[in-house]
Amino acid sequence: MGIHRPRVLIVEDDPDTLVILRVNLNASGIEPILAGDGRTAIARIQAEDPDAVLLDVLLPGVDGWEVLEELHALGDPVPVIVCSGKNNPHDIQHARDLGAVAYLVKPFDIDRLVDVTYEAVRAKRPRIVVEDASPAVEGLELA
Amino acid sequence: MFRKRHQVEEHDVRRDARVAGLREFQTPSLEAVEQRRRQLWQRTATGLAAVAFVVVVLSLLPDQEAAVFGAGRAQIGVLVIAGLFFLWAFEKESALERLTRSLTDERVLTAALTNRLHEVSLLLDAGKQMNAVLELDELLDTILRSACELLDATGGSVMLVENTDLVTMAVLGRVVPPGHRERLGDGVAGHVALRREPVLIEGKADAETFPGLTERDHYVDSSMSVPLVHRAELQGVLNVNAPLGRSFTEYDLRALAVFAEQAALAIANARLYEAERAHVAALLELRPRREAG
């Protein structure tokens, strides 16, 4: 019996995507918290110490790259999964350089997202008990 | 499924509100939660101070009186009550924390929806303005003005395809003069037209990436160029420049690309209208000749 649900911050400006990710992560045993822009994301990461962050790159005002740069500069150990519509090597390398643990190209498979999220959470907290945990993926990759 | 999940979340929020002591909870409010949290900790502090006072008083009693009153047992009892009181406060605080998180999430969702509505409303307005104009020159000016308003840009240009060239048809601000020509594939606009991909440039454009780049007589911090494509046919390129000190983002580029889809449709319609008008004019020109003949 597990009681701790990993808390994951979803940073996304599109309301439909926010709701879809929230519902699916919730159903997968993850407690989602939301941010619609970069500033809110940084504030919630600092205030609520999530176990992982799903970060969209296209955000109004402070964009996803700036959020990643700020977390990198602060030395914040929260695992970040970058979600982007672009699949170019430059962006993937940039995300890797800034410490992202994974890079998912939209549209992505929701099960794959859940797996990668769990793996990222485990990377932060080596032993974590979850309800209805999805099977682990072998190692993280930038895919 | 979404509806069911939403009902479950709403039920959770109401339960947390009840546990936290917000019985009159009707409309979610972060302020009400904060007020309740202050009340809770004020009461907890007062309660613990009272407990400490009682414990101290009992410990100061002389041994004889203490024995009469059973001060030792009373002290333990008071401490047990204090522990239970602290657990009660902790449960309330946990409920308030969950409530704060849920209400913040609701605010984030509301803000995202409001932003999206604002964007859609701006695009609809721009679409209305564009569809109200059929004269090509006036339409291009409207497109450029609307794009600059949408993105807080200082200037830009609209270029249309003419054979193998792009011709600047409308300008705003200090950019290239009207009538300026660029070959398809040359410079930033030519690159965008050829590849049909939006481009965001920060600082000076790189001549290696954009061969055939012409030197500009002024510098812009940030600029964007998007192709105007309607039904797979390239109509032209829309360019906008940011004011000095401000940079466009990928988010702005996406908004401009969505705007460009509508603009391309309006341009295609205006061109069709021009062609039809020219056709009618030609027919009208033929009519007197036939009547005369």
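Modeller: One definition before we start: two strands count as paired when DSSP finds at least two bridges between them. Also, the model we are looking at is predicted.

Colleague: Okay. Chain B then. How many helices and strands does chain B come to?

Modeller: Chain B has 7 helices and 6 strands.

Colleague: In what order do the elements of chain B run from the N terminus?

Modeller: The run is α-α-α-α-α-β-β-β-α-β-β-β-α.

Colleague: And the strands, what do the 6 strands of chain B form?

Modeller: They form an open sheet, with antiparallel pairing, in the order β3-β2-β1-β6-β5-β4. The edge strands are β3 (181-183) and β4 (199-202) of chain B, and each of them pairs on one side only. From one strand to the next, the twist averages 25°.

Colleague: Over how many bridges do β4(B) and β5(B) pair?

Modeller: Over 4 bridges, in the antiparallel sense; β5 of chain B covers residues 222-230. One bridge to look up joins B:Ile201 to B:Ser223, the latter in β5(B).

Colleague: Which strands of chain B does helix α6 lie across?

Modeller: Helix α6 of chain B, residues 187-195, lies across β1 (155-162), β2 (165-172), β3, β4, β5 and β6 (233-241) of that chain. The helix runs at about 35° to β5(B).

Colleague: What percentage of the residues in chain B is buried?

Modeller: Of the 293 residues in chain B, 26% are buried. As for contacts in chain B between residues at least 6 apart in sequence, 59% of them join residues at least 24 apart.

Colleague: In which sense do β1(A) and β2(A) pair?

Modeller: They pair in the parallel sense, over 5 bridges. A:Arg7 stands opposite A:Glu31, which belongs to β2(A). Between the two strands the chain passes through α1(A), and this β-α-β crossover is right-handed.

Colleague: What about β1(A) and β3(A), over how many bridges do they pair?

Modeller: Over 4 bridges, again in the parallel sense; β3(A) is residues 52-56. There, A:Val8 has A:Ala52 in β3(A) as its bridge partner.

Colleague: Now helix α2 of chain A. Which of its residues are buried?

Modeller: In α2(A), residues 38-48, the buried ones are A:Gly38, A:Thr40, A:Ala41, A:Arg44 and A:Ile45.

Colleague: Why are they on the same side of α2(A)?

Modeller: Because they cover an arc of only 155° around the axis. In general, an α-helix has 3.6 residues a turn, so residues three or four places apart point the same way.

Colleague: And which exposed residues does the face turned away from the buried side carry?

Modeller: That face of α2(A) carries A:Gln46 and A:Ala47. After the helix comes A:Asp49, with a positive phi near 45°.

How values were computed. Residues are numbered from 1 along each chain as its sequence is written. Chains are lettered from A and ligands numbered from 1 in the order in which they are written. This is a predicted model: local features need pLDDT of at least 70, side-chain atom pairs count only at pLDDT 80 or more; totals for chains, interfaces and linings use all residues. A residue is buried if 20 or more other C-beta atoms lie within 10 Å of its own, exposed if 12 or fewer, and partly exposed in between; C-beta atoms are placed from the backbone. Two residues are in contact if their C-beta atoms, placed from the backbone, lie within 7 Å. A crossover is right-handed if, with the strands pointing away from the viewer, the path from the first strand over the helix to the second runs clockwise. Axes are lines fitted to C-alpha atoms, for helices over the stretch in contact, and angles run from 0 to 180 degrees between N-to-C directions. The arc is that of the directions from the helix axis to the C-beta atoms.
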